Amino acid sequence: MGASRGPRLSGLQKQVLSLYRGFLRAARCKSAEDRCQIESIVSAEFRRNSNQVDRKNFLYIEYLLRRGKKQLEQLQSPSTVSLSQTKQS
């Protein structure tokens, strides 16, 4: 019947991908310059976390999802122009 699109994703993986797509959609509503900066920051953050966070550390992943959802809500606000990036040690 239907062709498989790859491995099945867990609930957390689906939430992470949904959040990532949400950031990219929100970036489309900003100016071209800000959009490029937002996409760059979002991509770097998601890539950094995918490499540094243990996939079995569900509590931390859920924390990052909650934090990301709050940041996405702020970015979707018309008064927000762009994102800032902070270094974490």
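Mentor: A residue is termed buried under 20% relative accessible area, exposed over 50%, and partly exposed in between (1.4 Å probe, protein chains only). At 4% relative accessibility, Phe 23 therefore counts as buried, whereas Phe 46, with a relative accessible area of 23%, is partly exposed. This is a predicted model, in which local features need pLDDT of at least 70 and side-chain atom pairs count only at pLDDT 80 or more, while totals for chains, interfaces and linings use all residues. Residues are numbered from 1 along each chain as its sequence is written, and side-chain values use heavy atoms, with hydrogens and water left out.

Rings of Phe, Tyr and Trp (its six-membered ring) pair if their centres lie within 6.5 Å; planes under 30 degrees apart count as stacked, over 60 as edge-to-face and the rest as tilted. The whole structure holds three aromatic pairs. In one of them, the ring centres of Phe 23 and Phe 46 are 6.3 Å apart and the planes stand at 70 degrees, so the pair is edge-to-face. This pair links distant parts of the chain, since Phe 23 lies in helix α1 and Phe 46 in helix α2, 23 residues apart. Helices here are DSSP runs (H or I, at least four residues), numbered from the N terminus. Ring pairs also bring Tyr 20 into a cluster with Phe 23 and Phe 46.

The helices α1 (11-28) and α2 (32-52) are among the elements that cover the buried residues of α3, where contact means heavy atoms within 4.5 Å. Those buried residues are Ile 61, Leu 64, Leu 65, Gly 68, Leu 72 and Leu 75.

Note on methods
Helix = DSSP H or I, 4+ residues; strand = E, 2+ residues; numbered from the N terminus.
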